[in-house]
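This briefing covers the fold, the charged contacts and the aromatic contacts of the chain shown below. Please read it alongside the sequence and the model.

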Amino acid sequence: MVIASLPGYPDNINRASDGNYWLALVGMRSPAVDLAFQMPGFRRRMSRRVAQDEWLYPNINTGCVVKFNEQARSWMRSGI
């Protein structure tokens, strides 16, 4: 794990020119999606019984970028 309790779901990580790291987050977390990720049986039943356009998804219209160092100390967040 890079950083615990991220506000969204990691999409990509890149090395910054100053030796630190940039992490793109897509989809902000929600309690309902977090709970569904912890319940594989629920996800299986949802995929079989519920229409795909009604599945639980994170808020994919919101994201952010986090810059952090090797000690996972974050000091800069920018909303997208």
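**Salt bridges and overall picture**

A search of the whole structure finds 3 salt bridges, a salt bridge being a side-chain nitrogen of Lys or Arg within 4 Å of a carboxyl oxygen of Asp or Glu. The model is predicted: local features need pLDDT of at least 70, side-chain atom pairs count only at pLDDT 80 or more, and totals for chains, interfaces and linings use all residues. Residues are numbered from 1 along each chain as its sequence is written, and side-chain values use heavy atoms, with hydrogens and water left out.

**Fold and burial**

- The chain has 2 helices and 4 strands, where helices (H or I, at least four residues) and strands (E, at least two) are DSSP runs numbered from the N terminus.
- Read from the N terminus, the order of the elements is β-β-α-α-β-β.
- Of the 80 residues in the chain, 26% are buried; buried means under 20% relative accessible area, exposed means over 50%, and partly exposed lies in between (1.4 Å probe, protein chains only).

**Salt bridges in detail**

- Side chains of opposite charge can pair when their charged atoms come close.
- Arginine 15 and glutamate 70 meet through their side chains in a salt bridge, at 3.8 Å from N to O.
- Arginine 15 belongs to strand β1 and glutamate 70 to the loop between β3 and β4 (74–79), so this pair ties together parts that are 55 residues apart in sequence.
- Glutamate 70 is exposed, because its relative accessible area is 58%.
- A salt bridge also joins the side chains of lysine 67 and aspartate 18, with an N to O distance of 2.7 Å.
- That pair links distant parts of the chain, with lysine 67 in strand β3 and aspartate 18 in the loop between β1 and β2, 49 residues apart.
- Lysine 67 has a relative accessible area of 12% and is therefore buried, whereas aspartate 18, at 44%, is partly exposed.
- Aspartate 34 and arginine 29 form a salt bridge through their side chains, at 2.9 Å from N to O.
- Aspartate 34 counts as buried at 19% relative accessibility, while arginine 29 is partly exposed with a relative accessible area of 38%.

**Aromatic pairs**

- The structure holds 2 aromatic pairs; rings of Phe, Tyr and Trp (its six-membered ring) pair if their centres lie within 6.5 Å, and planes under 30 degrees apart count as stacked, over 60 as edge-to-face and the rest as tilted.
- Tyrosine 9 and phenylalanine 37 form an edge-to-face pair, with 5.5 Å centre to centre and 80° between the planes.
- Tyrosine 9 lies in strand β1 (residues 8–15) and phenylalanine 37 in helix α1 (residues 31–37), so their pairing ties together parts 28 residues apart in sequence.
- Tyrosine 9 counts as buried at 17% relative accessibility, and phenylalanine 37 counts as partly exposed at 48%.
- Tyrosine 21 and phenylalanine 68 form a stacked pair, with 5.6 Å centre to centre and 25° between the planes.
- This pair also links distant parts of the chain, as tyrosine 21 is in strand β2 (residues 21–28) and phenylalanine 68 in strand β3 (residues 59–68), 47 residues apart.
- Phenylalanine 68 counts as buried because its relative accessibility is 3%.

**Positive surface patch**

- Arg43, Arg44, Arg45, Arg48 and Arg49 gather in a patch of positive charge on the surface.
- Patches are made of residues with over 30% relative accessible area and no salt bridge, with like charges joined within 9 Å and nonpolar side chains (Val, Leu, Ile, Met, Phe, Trp, Tyr) within 5 Å.
- Lys and Arg count as positive and Asp and Glu as negative, while His and the chain ends are not counted.
- Arginine 45 is found in helix α2 (residues 40–49) and counts as partly exposed at 40% relative accessibility.

**Contacts of glycine 8**

- Methionine 28, in strand β2, is buried with a relative accessible area of 18%.
- Methionine 28 and glycine 8 are 20 residues apart in sequence, and their C-alpha atoms are 4.1 Å apart in space.
- Serine 30 sits in the loop between β2 and α1 and counts as partly exposed at 23% relative accessibility.

Methods:
Accessible areas come from the Shrake-Rupley method with a 1.4 Å probe; for residues, only the protein chains shown count as cover. The place of a charge is taken as NZ of Lys, CZ of Arg, CG of Asp or CD of Glu.
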